[in-house]
Amino acid sequence: MNLFLVFFLFTSLAWAQTEQLEKDNINNRFKNGEFSAEAYPEYVSDWRNMIYSFGKYPELPYDEKSGLIKFKFIKKTGQPKKVNYDRIMEWAAIHFGALKSVLHYENYENGKIILKGNFDVTHKNEYRVFWGKLKEGLKTTRCKQTFIFTIKDNIIKAEVIDVKYEFKLYGYAGASIYVPDRSYEVSIHNIYPVTNYDSIEWKERLDLLNQTNIKIELLIFGLADYIMDYANDITF
């Protein structure tokens, strides 16, 4: 296949930053000989079908400088430092359980709280059944993360780092061999770009990133609402 034609196949797609990086990655894999020119149109078709199923490429908090997905929020709460501090502690207990198990650092004077959180992410899953037919379902993946809060009067900054996923490998038994179930963790930075993987995994990994982003945003926005509702909460 003509090299110009290979790169032309992607020109009709949207030019969002993260999407373009994904497309560039496919082109680079082709140039590096990871798949043939004959296989290239199949990758393009798989990509277009996946984007069609999403409606558009999801918006992810990609940081151009570092080349990583980063989560950072600055929220005006209108509350004094003490209220911001106490409400973050309450919020953590509500969402992640006993503080002694999730609180890793606190210092009121310098306005810092560091928490280890976790939540389940429900996302799309595409797999093959008999005769190679594709089928789509849902699966749940455990996500672990670290929240770093910087607290001042009227404002909080939240950074979510060390985001990683827990995947399970199911065991098996046969003859004299027994392999138990086991799990392993993968950093979010190894999930993106999704086009590093076989195309059958693209939808699952992209929706995993998308749903993680949505979940984190909802948590932080919910925290800001919880802090700002302080006056109503104590009025009864």
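Modeller: Side chains of opposite charge can pair when their charged atoms come close. Here Glu 185 and Lys 164 form a salt bridge, 3.5 Å from N to O (a salt bridge is a side-chain nitrogen of Lys or Arg within 4 Å of a carboxyl oxygen of Asp or Glu). This pair links distant parts of the chain, with Glu 185 in strand 10 (residues 182–187) and Lys 164 in strand 7 (residues 155–169), 21 residues apart. Salt bridges with shared partners join Lys 144, Asp 162, Lys 164, Glu 166 and Glu 185 into one network. This is a predicted model, in which local features need pLDDT of at least 70 and side-chain atom pairs count only at pLDDT 80 or more, while totals for chains, interfaces and linings use all residues. Residues are numbered from 1 along each chain as its sequence is written, and side-chain values use heavy atoms, with hydrogens and water left out.

Biologist: How many salt bridges are found in the whole structure?

Modeller: The search finds 15. One of them joins Lys 203 and Glu 136, at 2.7 Å from N to O. Lys 203 lies in helix 6 (residues 202–228) and Glu 136 in strand 6 (residues 134–152), so this pair ties together parts that are 67 residues apart in sequence. Helices (H or I, at least four residues) and strands (E, at least two) are DSSP runs, numbered from the N terminus. Lys 203 is buried at 7%, whereas Glu 136 is partly exposed at 42%.

Biologist: What should I look for when a salt bridge lies within a helix?

Modeller: An α-helix has 3.6 residues a turn, so residues three or four places apart point the same way. Arg 87 and Glu 90 are both in helix 4, three residues apart, about one turn of the helix. Their closest N and O atoms are 3.3 Å apart in a salt bridge. Arg 87 is buried at 2% relative accessibility, and Glu 90 is partly exposed at 33%.

Biologist: What span should helix 4 have?

Modeller: The expected span is 1.5 Å times one less than the number of residues. For the 16 residues of helix 4 (residues 81–96) that gives 22 Å, and the end C-alpha atoms are 22 Å apart, which agrees. After helix 4 comes Gly 97, with a positive phi near 95°.

Biologist: How are ring pairs read?

Modeller: Rings of Phe, Tyr and Trp (its six-membered ring) pair if their centres lie within 6.5 Å; planes under 30 degrees apart count as stacked, over 60 as edge-to-face and the rest as tilted. By this rule there are 17 aromatic pairs. Tyr 165 and Phe 167 make a tilted pair, 6.4 Å centre to centre with 45° between the planes. Phe 167 also pairs with Tyr 184: the centres are 5.8 Å apart and the planes at 35°, so this pair is tilted. Phe 167 is in strand 7 and Tyr 184 in strand 10, 17 residues apart. Tyr 165 is buried at 0%, Phe 167 is buried at 13%, and Tyr 184 is partly exposed at 39%.

Definitions and conventions
Buried means under 20% relative accessible area, exposed over 50%, partly exposed in between (1.4 Å probe, protein chains only).
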